[in-house]
Amino acid sequence: MAMKAGFSTLLLLIFISFSFSSKASQIIEDQQELPRVMILATGGTIAGVGASAIGADYKAGQKPIEDLLNAVPEIHDVAQVEGEQIANIGSQNMDITTWLKLSKRINEIFENDEADGVVVTHGTDTMEETAYFLSLTVQYDKPVVLVGAMRAFTAISQDGNRNLLDAVIVAASKKSEKVGTVVAMDSQIFTARDVDKTNTLRTSAFRSRNFGPIGTVFDGKVDYYYTSLRKPSHHFDVRDQVTLPEVDILYGYAGSRPDAVGFSLKFGARGIVYAGVGNGNFNDGVKEALIAAAQEGVVICRASRIGAGKVTLHNEVDDAKYKFVVSDDLSPQKARILLMLALTETDDPTAIQELIFTN
Ligand code: SIN
């Protein structure tokens, strides 16, 4: 009996020590396992090549993702990275087809648990638009970090390598687990909804003019200071879309001609964002043309060319009477994206206005 008790105690001790050591090695393994970050490359100045290191003359979207990754070996200390080339273009050529491809791929990556976070390298000219589109169409709140550069890959004192490393650090950080789509540029982190490129040349071009950055990435460390309460309330499912409804942006100025509205209608616009003066205003001729377009079922969104502040309902224009909607504080280019997506679901101005006020 005593021998039997001794034997079972021994077995118990072996079992405890085995399960402890396998748990301990599991914990060590988990700690050693770096987060997985997928880098989707689309081109831009970050992949740009110039004839000289100091001249302003270069061509965007030249270097493949492999070259970008090889230039920053430190990336491998913060994440297990994989790269994929989605496109290699200057972002002035970004289009709906590429947006849909990118969004579908990111949804697939998260659905199949291929990565913990995604980085999208992108030209800076339309980066804010792609970021907003992704924030509205990726069905997950995992990190999607857009990044680019203001100086070409081959330029002296180029900013791309540092920005890319920072973007991977943001995507890999535990603190970013539920951040959704952001832009990380020049050590700052911005929400997709609020960020704009605000300078044609400077490396500090990106700003959120109304609300500021939500965090920083500096010295390998991510810090968030604010969280937006205006995260997308509705995610549009574009997985089966092959294109989006046509929406034009028309720009207002002193003496702007109403004919541009007719031109948009003739070429099939289902919505028009009018980047008006001040609080989304336009002259009497343009107003008549927009009222006529709204009566034909085209959704008219009053936005502003100012770049900060918001466009308010029922100010100098009777929006309810004319069935116009307003952009709130979205830039004209972001209001266009939301309107294109909204039009895949409804053309009712009241429902569209609600989508604008909540996304
Ligand atoms: C581009 O947007 O592709 C060119 C400009 C840039 O990336 O800074």
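Rings of Phe, Tyr and Trp (its six-membered ring) are taken to pair if their centres lie within 6.5 Å. Planes under 30 degrees apart count as stacked, those over 60 as edge-to-face, and the rest as tilted. On this basis, the predicted model holds 6 aromatic pairs.

One of these, formed by Phe110 and Tyr140, is tilted, with 5.8 Å from centre to centre and 55 degrees between the planes. This pair ties together distant parts of the chain, since its members are 30 residues apart: Phe110 sits in helix H4 (residues 96–111), while Tyr140 belongs to the loop between helix H5 (127–137) and strand S6 (144–147). The two partners can also be placed by their accessibility. Phe110 has a relative accessible area of 4% and is therefore buried, given that buried means under 20%. Tyr140, at 28%, is partly exposed. A further pair joins Phe263 and Phe267, whose ring centres are 4.8 Å apart; their planes meet at 45 degrees, so this pair is tilted. Both Phe263 and Phe267 are exposed. Elsewhere, Tyr274, Phe282, Tyr322 and Phe324 come together in one aromatic cluster.

The protein chain contains 11 helices and 16 strands, and its C-alpha atoms fill a box of roughly 100 × 60 × 35 Å along the principal axes. Of the 359 residues, 48% are buried. The chain exposes about 17600 Å², of which carbon and sulfur atoms supply 54%. When contacts between residues at least 6 apart in sequence are considered, 72% of them join residues at least 24 apart.

The buried residues of H10 are Pro332, Lys334, Ala335, Arg336, Ile337, Leu338, Leu339, Met340, Leu341 and Ala342.

Attention now turns to the ligand. An N or O atom in the side chain of Thr124 is 2.4 Å from a ligand oxygen atom, and for the side chain of Thr45 the corresponding distance is 2.9 Å. Ala149 takes part through its backbone, with an N or O atom that lies 3.1 Å from an oxygen atom of the ligand. On its own, the ligand has 250 Å² of accessible area, and the protein covers 93% of it.

Thr121 is located in strand S5 (residues 117–121) and, with 1% relative accessibility, counts as buried. Neighbours within four places in sequence aside, Thr121 contacts Ile39, Leu40, Ala41, Thr42, Gly43, Ile46, Leu68, Val147 and Leu164.

Gln80 lies in strand S4 (residues 80–89). Is Gln80 buried or partly exposed? Its relative accessible area of 38% makes Gln80 partly exposed. Not counting residues up to four places away in sequence, Gln80 touches Glu33, Leu34, Pro35, Arg36 and Val37. Gly148 is 68 residues from Gln80 along the chain, and the C-alpha atoms of the two are separated by 20 Å.

Ser256 is found in the loop between strand S13 (247–251) and helix H7 (259–266). Although placed in a loop, Ser256 is buried, with a relative accessible area of 6%. Beyond its neighbours within four places in sequence, Ser256 is in contact with Tyr251, Tyr274, Asn283 and Val286. One of these contacts leads back to the aromatic rings: Tyr274 touches Ser256 and is also a member of the aromatic cluster with Phe282, Tyr322 and Phe324. Val222, by contrast, is 34 residues from Ser256 along the chain, and their C-alpha atoms are separated by 46 Å.

Note on methods: Residues are numbered from 1 along each chain as its sequence is written. This is a predicted model: local features need pLDDT of at least 70, side-chain atom pairs count only at pLDDT 80 or more; totals for chains, interfaces and linings use all residues. Side-chain values use heavy atoms; hydrogens and water are left out. A polar contact is a pair of N or O atoms within 3.5 Å; within protein, one must be able to donate a hydrogen and the other to accept it, and residues adjacent in sequence count only if both atoms are side-chain atoms. Accessible areas come from the Shrake-Rupley method with a 1.4 Å probe; for residues, only the protein chains shown count as cover. Buried means under 20% relative accessible area, exposed over 50%, partly exposed in between (1.4 Å probe, protein chains only). Helices (H or I, at least four residues) and strands (E, at least two) are DSSP runs, numbered from the N terminus. Contact means heavy atoms within 4.5 Å.
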